[in-house]
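Please walk me through this model in the viewer, one selection at a time. I would like to know what to pick at each stop and what is found there.

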Amino acid sequence: MSKLTFTPAVPTLTYERVVQQIEEAILSKEIKPGQHLPSERELMTQFSVSRPTVREALRVLQSQGLIASKPGGRSGPVVLPVSTDHLGRSFANLTRISSLSLDELVQFRIVLESSACQLAAVMHNDEQLAAMRDAVERMEVESSTGSDSFNRADLDFHAAVWEASHNSILRICGEAVAGAILQVMNDQMSHSDNERREMKKVVSLDRAIFDAIEAGDPVAAGDAAKTAISSYFHKSLDEQGLLGVQALTEKR
C-alpha cells in the first residue's frame with residue numbers, strides 16, 4: 001500500500017462558514033430571488049455568532065451579487081437573481097491578477113471565439129445577424145478614414161457574435177479574455193507602419209467570419225475565427241505560444 005500524503009488543514013474563519021451556508025441556500029434555490037434573509041439578530045442566533053461576524057458574511061455575499069441590503073429596513077437583505085455579470089467581473093479580475101501570459105490568453109481566446117462563431121452560425125436570429133452586418137459595414141467605412149470609431153465598431157461586431165452564440169458562459173469568458181488583451185491590440189494598431197492597412201486587414205478577417213455565419217456554415221465560421229485571431233497576434237507571441245496556436249488552428 002502506497003503511503004498517503006495529506007496537505008495541512010487550513011482553518012476556516014467563522015464568517016466564511018456563515019457565507020458558505022447562506023450561499024448554498026441561495027444557489028440551491030432553498031431561498032428564492034426576492035425573498036429576504038432573516039434579520040441580523042436572527043442570523044446571530046441561528047449561527048451562534050457575533051454581530052460583526054454576521055455583518056462580514058453579509059458584506060461578502062453582497063460583494064458577490066447574491067444579496068442587497070436596504071439601509072433602515074427591518075427585514076434582512078433581499079436575495080437577488082443569480083446573474084452572470086458577477087462571474088464576468090470575477091473572470092476579468094482573474095485574467096489580470098493571475099499573471100497569465102499573452103500566449104495563454106490568445107490560445108484560450110481561439111478556443112472560445114471559434115466555438116462562439118460555430119454556434120452563432122446555427123443559432124443566430126435576424127436581429128443579431130443585422131447587428132453583425134451593421135458593425136462590419138461601419139468598420140469598412142471607418143477603415144478608409146482611420147477613425148477612432150473603428151475600434152468601437154470592431155467591439156460591436158464581436159459582441160454581436162457572442163450574443164448570437166446564445167451561450168452565456170462563452171460570452172462571459174470571451175469578453176473577459178478580449179478585455180485582458182485589449183491593450184495589446186490597441187498598441188499593435190497604433191504602432192503599425194500603416195494603420196489604415198492594419199484596419200483593412202482586420203475588416204477582411206471579420207468579414208470572413210460574418211460571411212460564414214450568414215451562410216450558416218459552422219465549420220467555416222470556426223476556421224475563420226481561428227485564422228483571424230492567430231493572424232492578428234502572430235507577431236506578438238513567442239515560439240512556444242506559436243506552437244500552441246498552430247496546434248489549435250491546424251485543420252484536420
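Predicted model: local features only at pLDDT ≥ 70, side-chain atom pairs only at ≥ 80, totals over all residues.

**Stop 1**

Select Val18, which lies in helix α1, residues 14-27. Is Val18 buried or exposed? Its relative accessibility is 3%, so Val18 counts as buried. Now show its surroundings, leaving out residues up to four places away in sequence: Val18 touches Phe47, Thr53 and Ala57. Val18 and Leu58 are separated by 40 residues in sequence, while their C-alpha atoms are 8.8 Å apart in space.

**Stop 2: two helices**

Two packed helices are described by the angle between their axes and the distance between the axes. Select helix α5 (residues 102-123) and helix α10 (residues 195-214); their axes come within 8 Å and cross at roughly 40°. This angle makes α5 oblique to α10. To see the contact, display side chains for Cys117, Ala120 and Ala121 on the α5 side, which meet Ile209, Ala212 and Ile213 of α10. Sorted by class, the contact of α5 with α10 has six nonpolar residues, no polar ones and no charged ones.

**Stop 3: an aromatic pair**

How many aromatic pairs does the structure hold? There is one. Select Tyr232 and Phe233: their ring centres are 5.2 Å apart and their planes stand at 75°, so the pair is edge-to-face, the cut-off for that class being over 60 degrees. Colour both residues by accessibility. Tyr232 is buried at a relative accessible area of 7%, and Phe233 is buried at 1%.

Key:
Residues numbered from 1 in each chain as written. Heavy atoms only, no water. Phe/Tyr/Trp six-rings, centres within 6.5 Å; stacked < 30°, edge-to-face > 60°. Buried < 20%, exposed > 50% of the residue type's maximum accessible area, 1.4 Å probe, protein only. Helix = DSSP H or I, 4+ residues; strand = E, 2+ residues; numbered from the N terminus. Contact = heavy atoms within 4.5 Å. Axes fitted to C-alpha atoms, helices over the stretch in contact; angles between N-to-C directions. Parallel < 35°, antiparallel > 145°, perpendicular 65-115°, else oblique. Nonpolar A, V, L, I, M, F, W, Y, C, P; charged D, E, K, R; others polar.
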